[in-house]
Amino acid sequence: MGWIEGRVAARRAWTETHISLGIEADLPVFEPGQFVRLGLDIDGETVGRPYSLVNPPGAGLLEVYFDVVPGGPLSPRLAALAPGDRLRVGSAPYGFMVLSELPEGRDLWLLATGTGVGPFVSILESQAAWGRFENLRLVHGVRRASELAYRDRLLAMEERHGGRFRYLPFVTREACDFALPGRIPAAIGDGRLAAWAGLPLDPRHARLMLCGNPGMVAGALEALAPAGFRRHRRREPGQILLEEYWSEDRAG
Ligand SMILES: Cc1cc2nc3c(=O)[nH]c(=O)nc-3n(C[C@H](O)[C@H](O)[C@H](O)COP(=O)(O)OP(=O)(O)OC[C@H]3O[C@@H](n4cnc5c(N)ncnc54)[C@H](O)[C@@H]3O)c2cc1C
C-alpha cells in the first residue's frame with residue numbers, strides 16, 4: 001500500500017489523552033464509516049495504524065479522533081504532533097462499516113465506545129443516513145464525561161432533527177446527570193437502552209453499527225442475539241455491522 005503526504009492543520013485536545021487532528025491530504029473519495037492508515041517514520045521505519053475518518057466526504061480536512069495508548073508505538077507520537085507537522089496518510093480508504101453494506105431498515109442504531117464515535121459523526125454528518133432511515137440513535141459509552149467528544153455537534157444535530165435523532169451517552173466511572181451509568185450491553189439486555197431511546201430494538205426494523213472496544217462489541221452482540229439479531233455478512237444477511245479497534249484477546 002502506498003502513502004501520500006499529509007500535514008497537520010488543526011489539533012484539538014478533548015482531554016490530555018484524547019486528541020483530534022485535522023489533516024490536509026489529497027485522499028480519494030471515501031464512504032462515511034471508513035478508515036485510513038496514518039504513519040510516521042520512527043527509527044528508520046514507517047509505523048502505520050488505521051484510524052476512522054470523522055469528517056464527512058467533501059469536507060476540507062481529514063479528521064481523526066484517537067486516544068493515547070500508553071507505550072503504544074504510534075498513538076503517543078501522533079498525539080504530540082502540532083499544526084504544520086507532516087505525517088504519512090495511506091493512499092486509499094478502507095472498511096466495510098458503511099451504509100452501503102447495511103441492509104434496508106427503518107431505524108439506524110450507532111453504538112460506540114470511546115474513540116469509536118468518530119466514524120458515526122462522519123455518517124451522521126452525511127446526507128445518506130437521513131435519507132434512508134426514519135429514526136436514528138447514537139449511543140456513546142465513555143469512562144468520564146470529558147471523553148464525550150463531539151457532544152456539542154451531536155446535541156445540535158438532535159435539535160435540528162427533532163425527535164428523529166437521539167444522542168444517548170453512557171458514562172461508567174463518574175456520576176453524570178445527562179448520561180446513563182453502566183455499560184451498553186447491560187442496558188441492551190435489561191431493556192434500559194430501548195426505554196431511554198424511546199424506540200424498541202426490533203430486528204425487523206433496527207439496523208446497527210458497533211464500533212470501538214471489542215468487549216463492548218462482543219457484549220452487545222451477545223445481548224442482541226436473543227431478540228434475533230446477528231452480524232450481517234454478504235452471504236449471510238443480518239442486521240449488524242461492526243469495527244473493532246483492537247483484538248479481543250488483548251482487550252483486557
Ligand atoms: C479498523 C480500525 C480503525 C481504528 N480507528 C481508530 C480510531 O479512529 N481512533 C483510535 O483511537 N484508534 C483507532 N484504531 C486503533 C489504532 O489503529 C491503534 O491501534 C491505536 O491508536 C494504538 O496505536 P499504537 O501504535 O500506539 O499501539 P498499538 O500497537 O496499535 O496497540 C498497542 C496495544 O493497545 C491495544 N489498543 C489499541 N487501541 C487501543 C485503544 N484505543 N484503547 C486501548 N487499547 C488499545 C492494542 O490491541 C495493543 O494491544 C483503529 C483500529 C482499527 C483496526
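1. Two strands are taken as paired when DSSP finds at least two bridges between them, and it is in this sense that strand β3 (residues 35–42) is joined to β4 by eight bridges, the two running antiparallel. Within that pairing, Gly-39 stands opposite Gly-48 of β4. The model under discussion is a predicted one, and the points below should be read accordingly.

2. The chain is divided into domain 1, spanning 3–90, and domain 2, spanning 99–250. Taken over C-alpha atoms, the centres of domain 1 and domain 2 are separated by 24 Å, and the contact between them takes 17 residues from domain 1 and 14 residues from domain 2. On the side of domain 1 that touches domain 2, the elements giving two or more residues are β2 (18–24) and β5 (62–67), of which β5 gives the most, with four residues. Sorted by class, that side of domain 1 has nine nonpolar, six polar and two charged residues.

3. Strands β3 and β4 belong to an open sheet of six strands, whose order is β4-β3-β6-β1-β2-β5 and whose pairing is antiparallel. The edges are formed by β4 (45–52) and β5, each of which pairs on one side only, while neighbouring strands of this sheet are turned against each other by 40° on average, with direction ignored.

4. Strand β5 deserves a separate remark. It pairs with β2 in the antiparallel sense over six bridges, and Leu-62 of β5 is the bridge partner of Ile-23. Although β5 is an edge strand, five of its six residues are buried, so β5 is largely enclosed by the rest of the structure.

5. Which residues come nearest to the ligand? Of the 21 residues around the ligand, these are Phe-66, Gly-72, Leu-74, Ser-75 and Trp-246. The shell draws at least three residues from each of domain 1 and domain 2, and the strands β4 and β5 each supply at least two of its residues. By class, the shell around the ligand has eleven nonpolar, six polar and four charged residues.

6. A second open sheet is formed by five strands in the order β9-β8-β7-β10-β11, with parallel pairing. Because β9 (165–171) and β11 (240–244) stand at its edges with a single partner strand each, one side of each is left without a neighbour in the sheet. The twist here averages 10° from one strand to the next. Strand β10 (residues 206–212) pairs with β11 in the parallel sense over five bridges, and Met-209 stands opposite Leu-241 in β11.

7. Helix α4 (residues 151–161) lies across β8 and β9 and runs at about 150° to β9. Helix α7 (residues 214–224) packs on the sheet, where it touches β7 (107–113), β8, β10 and β11, and its direction makes about 160° with that of β11.

8. Leaving aside residues up to four places away in sequence, Val-142 touches Gly-114, Glu-147, Leu-148 and Val-171. Phe-229 is 87 residues from Val-142 along the chain, and the C-alpha atoms of the two are separated by 24 Å.

Notes
Residues numbered from 1 in each chain as written. Predicted model: local features only at pLDDT ≥ 70, side-chain atom pairs only at ≥ 80, totals over all residues. Domains from an automatic or database assignment. Contact = placed C-beta atoms within 7 Å. Nonpolar A, V, L, I, M, F, W, Y, C, P; charged D, E, K, R; others polar. Axes fitted to C-alpha atoms, helices over the stretch in contact; angles between N-to-C directions. Near = placed C-beta within 6 Å. Buried ≥ 20, exposed ≤ 12 C-beta atoms within 10 Å, placed from the backbone.
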